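Please look over the sequence and the structure shown below before reading on.

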Amino acid sequence: MSTKSRQYLFGTQIKMSAERAKEARKEADKLACVAWNQRMLGYRGPAQPSPTIGDAINAGFLYLEVRCLGCDTNQTVALDIIRRAKTTPVHELERYMRCKDCSQMRGYAYKRGQLVALRPTKISAEHPASYWWPGER
């Protein structure tokens with residue numbers, strides 16, 4: 001006599017539960033990133049607390065938009081190539097952001113950057129830079 005294996009009895013339920021958990025994590029990460037973006041764009045901060053780099057990548061926000069306060073330019077930084085642990089909060093990256101143009105003009109690494117928002121795409125003509133409040137532009 002043979003009995004049905006546990007894999008046969010519970011395998012499908014386990015796989016379905018794992019898939020639902022993965023979808024729930026992705027949705028939670030997306031909501032955390034959207035809330036952080038709204039706080040940054042609406043109030044200009046505070047940047048703390050922020051989602052982690054891994055959460056932003058999981059939610060589909062692959063770029064961080066940074067604004068240089070010296071030359072008033074916005075640039076994007078790819079989060080997947082940053083050499084930091086995926087558990088690092090996004091707000092901790094602000095101290096490492098340097099504007100290339102301002103640094104070349106001064107002759108040394110010069111920090112005048114401010115975090116703006118997480119973005120799914122780079123800044124381009126089709127996807128312009130974010131603005132902080134409705135009256136800015």
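K111 counts as partly exposed, because its relative accessibility is 38%, which falls between the cut-off of under 20% for buried and that of over 50% for exposed. This residue is found in the loop between α3 and β3, and, like everything described here, it belongs to a predicted model.

**Around K111**

- When residues up to four places away in sequence are not counted, K111 touches E94, R95, M97 and R98.
- The C-alpha atoms of K111 and C99 are separated by 6.5 Å, although the two residues lie twelve residues apart along the chain.

- A85 is found in the loop between β2 and α3, and it counts as partly exposed because its relative accessibility is 44%.
- Along the sequence A85 and I53 are 32 residues apart, whereas in space their C-alpha atoms are 7.8 Å apart.

**Two buried asparagines**

- N74 lies in strand β2, which covers residues 74-78, and it counts as buried because its relative accessibility of 19% is under the cut-off of 20%.
- The side chain of N74 is joined to the side chain of E65 by a polar contact of 2.6 Å, and to the side chain of R67 by another polar contact, of 3.4 Å.
- Apart from residues up to four places away in sequence, N74 touches E65, V66, R67, V116, I123, A129 and S130.
- N37, which is found in helix α1, is buried as well, since its relative accessible area is 9%.
- The side chain of N37 reaches the backbone nitrogen of L118 at 2.7 Å, and, leaving aside neighbours within four places in sequence, N37 is in contact with F61, A117 and L118.

**The largest nonpolar core**

- Which residues touch the most other members of the largest nonpolar core? Of its 17 residues, they are W36, L64, L79, L93 and L118.
- At least two residues of this core are supplied by each of α1 (6-43), α2 (53-59), β1 (63-68) and β3 (113-119).

**Aromatic rings**

- The structure holds zero aromatic pairs, but a charged residue does sit over a ring, as R84 lies over the face of Y96 at 4.3 Å from the ring centre.

**Backbone details in two loops**

- Most residues other than glycine have a negative phi, and most peptide bonds are trans, so the two cases that follow deserve a careful look.
- The peptide bond from Q48 to P49 is cis, with omega near -10°, and P49 has its place in the loop between α1 and α2.
- D72, which is found in the loop between β1 and β2, has a phi near 60°, a positive value in a residue other than glycine.

**Confidence in the model**

- The pLDDT of the protein chain averages 85, and 93% of the residues score at least 70.
- In the protein chain, confidence is highest in α2, with a mean of 95, and lowest in helix α3 (residues 100-106), with a mean of 80.
- Where pLDDT is low, the predicted coordinates should not be read in detail.

Key: Residues numbered from 1 in each chain as written. Heavy atoms only, no water. Phe/Tyr/Trp six-rings, centres within 6.5 Å; stacked < 30°, edge-to-face > 60°. Lys NZ or Arg CZ within 6 Å of the ring centre and 35° of its normal. Core = buried A, V, L, I, M, F, W, Y, C linked by side-chain atoms within 4.5 Å. Buried < 20%, exposed > 50% of the residue type's maximum accessible area, 1.4 Å probe, protein only. Helix = DSSP H or I, 4+ residues; strand = E, 2+ residues; numbered from the N terminus. Polar contact = N/O pair within 3.5 Å; in protein donor to acceptor, adjacent residues only side chain to side chain. Contact = heavy atoms within 4.5 Å. pLDDT = per-residue confidence, 0-100.
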